[in-house]
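This report describes the fold and the helix packing of the model shown below.

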Amino acid sequence: MDRVKGFIYYHILSFMNIQSNHHTNIVSQTPTIYRLLAILGHEIGHWRLWHTIEGFVITQAYTLCLFLAFSYVQTSTELFGAFGFTCGDQSESMPMFVGLLLFMQTYWTPVDKLLTFVLNVNSRRNEFAADRYSKNLGMSKDLAAGLVKISVENLGNMVPDPLYSAYHFSHPPVVERIAAMLDGSESKKDK
Ligand SMILES: [Zn+2]
């Protein structure tokens with residue numbers, strides 16, 4: 001794994017012209033059309049592996065749970081009162097939009113933190129699976145080159161703190177993705 005990471009770092013650095021004594025690198029060796037095809041292969045992988053439908057169902061379920069939970073406190077005088085809103089017992093005097101904002105910033109926040117983590121774990125798993133799909137089409141090197149180019153152009157952090165990225169990032173760091181593609185043992189793990 002360390003050798004693979006070294007290989008990746010080297011090519012990233014040479015792409016960014018930090019190391020100037022070499023003429024070629026993984027990106028410039030790969031024509032743009034192949035990089036685009038490899039990334040397209042990754043996106044088709046998401047479709048073929050049902051990630052798109054899965055994302056749609058998860059979003060609907062999330063919204064349903066959010067509004068279902070909100071319906072229990074929608075007319076709570078305690079919720080409004082805690083933030084200085086004086087309402088009578090009449091639900092008409094409790095604006096729903098205000099209640100929803102208060103609910104999302106109080107009761108829902110811890111649930112959302114937990115769900116964010118679970119959804120990001122799932123999303124990262126899907127990214128590795130889609131990368132593997134593109135790899136199985138024989139485009140792992142082209143995809144690696146494409147990912148490096150995108151990451152450099154977007155000034156993405158290629159080596160973020162593992163714990164921070166595990167919680168906050170829906171996509172794995174590019175170094176981990178390329179390492180998984182180039183390292184056979186890691187890609188088998190997700191099969
Ligand atoms: Zn993806």
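The expected span of a helix is 1.5 Å times one less than its number of residues. Helices (H or I, at least four residues) and strands (E, at least two) are DSSP runs, numbered from the N terminus.

## Basis of the model

The model is predicted; local features need pLDDT of at least 70, side-chain atom pairs count only at pLDDT 80 or more, and totals for chains, interfaces and linings use all residues. Residue numbers start from 1 along each chain as its sequence is written.

## Overall fold

The protein chain has 10 helices and zero strands, in the order α-α-α-α-α-α-α-α-α-α along the sequence. Of its 191 residues, 23% are buried, a residue being buried if 20 or more other C-beta atoms lie within 10 Å of its own, exposed if 12 or fewer, and partly exposed in between, with C-beta atoms placed from the backbone.

Two residues are in contact if their C-beta atoms, placed from the backbone, lie within 7 Å. Among contacts between residues at least 6 apart in sequence, 73% join residues at least 24 apart.

## Helix 3

Helix 3 (residues 51–73) contains 23 residues and reaches 33 Å from its first C-alpha to its last, close to the 33 Å expected at 1.5 Å a residue. The number of its 23 residues that are buried is one, so helix 3 lies largely in the open.

Axes are lines fitted to C-alpha atoms, for helices over the stretch in contact, and angles run from 0 to 180 degrees between N-to-C directions. Angles under 35 degrees count as roughly parallel, over 145 as roughly antiparallel, 65 to 115 as roughly perpendicular and the rest as oblique.

Helix 2 (residues 32–48) packs against helix 6 (residues 108–136) at an angle of about 120 degrees, with axes 7 Å apart. Helix 2 is therefore oblique to helix 6. On the helix 2 side, Ala38, Gly41, His42, Gly45, His46 and Arg48 meet Asn126, Ala129, Ala130, Asp131, Tyr133 and Ser134 of helix 6. Helix 2 also packs against helix 7 (residues 140–153), at an angle of about 95 degrees and with axes 8 Å apart. These two helices are therefore roughly perpendicular to each other. Here Tyr34, Arg35, Leu37, Ala38, Ile39 and His42 of helix 2 meet Asp142, Leu143, Ala145, Gly146 and Lys149 of helix 7.

## Alanine 180

Alanine 180 belongs to helix 9 (residues 174–182) and counts as buried because it has 23 C-beta neighbours inside 10 Å. Its C-alpha atom is separated by 8.5 Å from that of arginine 132, 48 residues apart along the chain.
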